[in-house]
Amino acid sequence: MSLHSTATNLVMLAEGAEHGGNHDSLNPYLTGFGALGALLLLLWITTRFNRDR
């Protein structure tokens, strides 16, 4: 593949992603709060196993 054809393919790919690329069923707030809840759960589990401090 030449540099020119690679650049052309990347430009065509970027033009197709103008709509954000997100699926309609993915709610960013739900995803964010779910990730925050998972991280807080992992933090709580870690602190329960580290009682010697």
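This is a short chat about a predicted protein model.

Student: What kind of model is this, and how are residues numbered?
Tutor: The model is predicted, so local features need pLDDT of at least 70 and side-chain atom pairs 80 or more, while totals for chains, interfaces and linings use all residues. Residues count from 1 along each chain as its sequence is written, and side-chain values use heavy atoms, without hydrogens and water.

Student: How many helices and strands are there?
Tutor: There are 2 helices and 0 strands (DSSP runs numbered from the N terminus: helices are H or I, at least four residues; strands are E, at least two).

Student: How much of the protein is buried?
Tutor: Buried residues make up 0% of the 53 residues (buried is under 20% relative accessible area, exposed over 50%, partly exposed in between, with a 1.4 Å probe and protein chains only).

Student: And Leu39, where is that?
Tutor: Leu39 sits in helix α2.

Student: Is Leu39 buried or exposed?
Tutor: Leu39 is exposed, because its relative accessible area is 56%.
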